[in-house]
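Open the model in your viewer and keep the selection tool handy.

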Amino acid sequence: MCGNANGDPQDDALKPDGHLAEDVVELGQSWKVTKEGCPCWDTCSGACGRCRWDKMAKYKGERSCGLITQRLGPFKRCHTTVDPNIFLKNCVYDLCVNDGLHLLLCQALQAYADICQEEGIIISDWRTLARCPFSCPKNSNYTLCGSPCPTTCNAAVMSSSTTCHPSTCVETCECHQGFVLDANECIPQDECGCLFEGRVHGLQEEFWGDDTCTQRCVCEVGSRRVVCRATSCRAGEECGVKDGVQGCYPKSYGTCTAVGTTHYETFDGQKFIFQGTCLYQLVGLCEKNQDLVDFQVLIQNGHHQGDEVLASIVLVMVKVYEKNIVISQEHPGKVTINDHLVNLPYHHEDKKIFIYRVGQEAVVEMDFGLTITYDWQSQVTVMAPSTYATTLCGLCGNYNGHVDDEMMLKNGQVTSNPDVFGHSWKMIDTPNCLELSMVECPTISKVLHHQKISKMGCGIIMQEDGPFGACHAHVDVNQYFQSCLHDFCLFPDREEVMCLVIARYTAACQAAGVSVERWRTDDFCSISCPTNSHYEICSQDFTQTCSSISSPVRCLERCREGCVCDDGFIFSGDECVLLSQCGCFHQGFYYKVEEIFFPTTREECQCQLGGTVKCQKISCPGGTEGKVIDGVYQCPSAPPGTCVVTGDHNYLSLDGLVFNISSTCSYILSETCTTDDDDDDDDDEVQPFVVKMEKQGRQKKKVSGIQALTLEVYGLTLTLMRGKRGTVM
């Protein structure tokens, strides 16, 4: 697509067959590289790519792309050397077709700035004018004109480079004195690691020393020398390269599922039904091994109030890498991480955990090959790598390839009773949780006859000429039909139980590469999509999120059903918004525009339009540390003070002063006291109250006692009288 570099621009639109392309779309399509499993689009129809004149005028303004050609602007010295008009045109086009996305403005301005500096031209600060901040790592400072040859841990490579010219000026981050650049971080020079076959490896970093995974090496701290030992991949693994990283990767994966109310299928293929609303271990590492990452997946079923039958799975909890990840029906479209509700996608800071949404499901991926999915309704899937074979336990079984010992209890004994098996893996007795043994439904035969002929129920998946007919030869329909019947029999008034099982069969067919026709209607199993989106039976557009603008996205190898944003809109968390309304990525978390968050207990930040984050320091009185509760920063309450009045004359004040007063008068024990200046500030924070005490003489007025205690608050007067126990006046 770059042409043939023969000096003649007239023949640059040549296709691989030697013929000139008629337009740019045909040119692009002719040079497309096919990547298996990763579909892409390269067609343009209707108004695609066109920009209305009013939008063009807007983006040509000097507060936008017009900054490039501004006569007295930051790039004025460059105009005679590098023609700015083509950069202006590209900038306007990019903003026009992407709803004015600010990130693209910054990228367009940077493109012109970079080429100007490559020509040796000094430009002025343009980032402040355009609101395009430049993020620098710790221990470094931003500079508009710095050296392109920074000091790094691999000094030999930089000194021998023929492409690095110290006289050239580039926009960069310069490490502080005594620090050097290493993997986009500025580290102390004495913390540089080891050089091995021309590559730098950090201190204590482990890596493979050969292409066959037979030498495992480490950079030792003291000597800064690489020490290697003979080793090999574990059972169930093979040496290979994935995403550019060499390593030992699983040969295969085992899958366990829990569906509906609840149907289980273990890693080794055992099917059973167990119903309980306590918290159970679905799967976890039981054969502890220092080479395997420890993890645990817990699930909980719901319970309909007043019913004697159970609802579907309402909560999935994943414990791994000291993180507690909760996906629940209570927060559809979001997840909770260590008690903090977060938007999707979520990227763990060191790339160990990645959580995102695909179709109707949340997907939790670990760097060691474990994947958990949950649809926020009833379906859970755990896919474990073969390296974990024989080491797992829980309701998913032990993953050893044998079905006969799948129902192994915690104590190592094997049972054939699903109720005993399920109870064994109960982890926590949640309030009012229960377990029911109801494997068979008493009216199943009647339900079977009705549903077999139904076109608006379980029978829809059995129809040879129906939407699932093409799938019958690829995925066994009978087990799904039986599960659907079972749940409908238990919940005859709840259509959704059928929908969930039919949706599961839909996913199984699509995973097998079979097309499923649309089966949902407005009257049967309809899906409610958020504003600016619509339902599709088979789509691969779920990766089009605000995060995909600035970082690579996962390639979906198959289509799924679910809600897809309308043209011109993109997923921002659980909403579909215009591109210009995309939020911010900050320390691995995604925040919507204007969302307030707290990265630390002493910092409050807000995501602003254009993807920038504005933060400010916060503190509590007395230097105490606050907490974020349900997304709100709260300072700790002061410990309650206590005032005590006893006997005839004994008083203890709120601050601990002891004194004596003998009298039979009435007193104000405590009340809120504010000055006029304080009223405006404290009205919303301090609730006014008055506590009064009435004393009365006894024993011929030689001593006194409390006759009445009165509290005035919230417009009420509450009185406790002596001799009227249990009565409030």
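Begin by selecting Trp-376, which sits in the hairpin of E25 and E26 and takes a positive phi near 65°. Five residues lie between the two strands of that hairpin. Before going further, note that this is a predicted model, where local features need pLDDT of at least 70, side-chain atom pairs count only at pLDDT 80 or more, and totals for chains, interfaces and linings use all residues. Residues are numbered from 1 along each chain as its sequence is written, and side-chain values use heavy atoms, with hydrogens and water left out.

**Around strand E25**

Now select strand E25 (residues 371-374). Strands, labelled E, are DSSP runs of at least two residues, while helices (H or I) need at least four, and both are numbered from the N terminus. Which way do the side chains of E25 point? Thr-371 and Thr-373 go one way, Ile-372 and Tyr-374 the other, and all are buried; buried means under 20% relative accessible area, exposed means over 50%, and partly exposed is in between (1.4 Å probe, protein chains only).

Two strands count as paired if DSSP finds at least two bridges between them. Look across from Thr-373 and you will find Thr-381 in E26. Then show strand E24 (residues 361-366), which is antiparallel to E25 and joined to it by four bridges. Here Val-363 stands opposite Thr-373. The hairpin of E24 and E25 has four residues between the strands, and Gly-369 takes a positive phi near 105°.

**The E7-E8-E9 sheet**

Next, select E7, E8 and E9, an open sheet of three strands in that order, with antiparallel pairing. Strand E7 (206-208) and E9 stand at the edges with a single partner strand each, so one side of each has no neighbour in the sheet. From one strand to the next, the twist averages 30°, taken between axes that are lines fitted to C-alpha atoms (for helices, over the stretch in contact), with angles from 0 to 180 degrees between N-to-C directions.

Zoom in on E8 and E9, where five bridges hold an antiparallel pairing. Cys-219 stands opposite Val-226 in E9. A disulfide also joins Cys-217 to Cys-228, with an S to S distance of 1.9 Å. Cys-217 is in strand E8 (residues 215-219) and Cys-228 in strand E9 (residues 226-230), eleven residues apart. The link is right-handed, with 105° about the S-S bond. Is each cysteine buried or partly exposed? Cys-217 is buried at 1% relative accessibility, whereas Cys-228 is partly exposed at 32%.

**More disulfides**

A disulfide here is a pair of cysteine sulfur atoms within 2.5 Å, and the count by this rule is 22. Select Cys-153 and Cys-192, joined at an S to S distance of 2.0 Å. The torsion about their S-S bond is about -80°, so this disulfide is left-handed. Cys-153 lies in the loop between strand E1 (140-146) and helix H6 (155-160), and Cys-192 in the loop between strand E4 (185-188) and strand E5 (194-196), so the pair ties together parts 39 residues apart in sequence. Cys-192 is buried, at 9%.

For the last stop, select Cys-584 and Cys-607, joined by a disulfide (S to S 2.1 Å). With a torsion of about 85°, this disulfide is right-handed. Both cysteines are buried.
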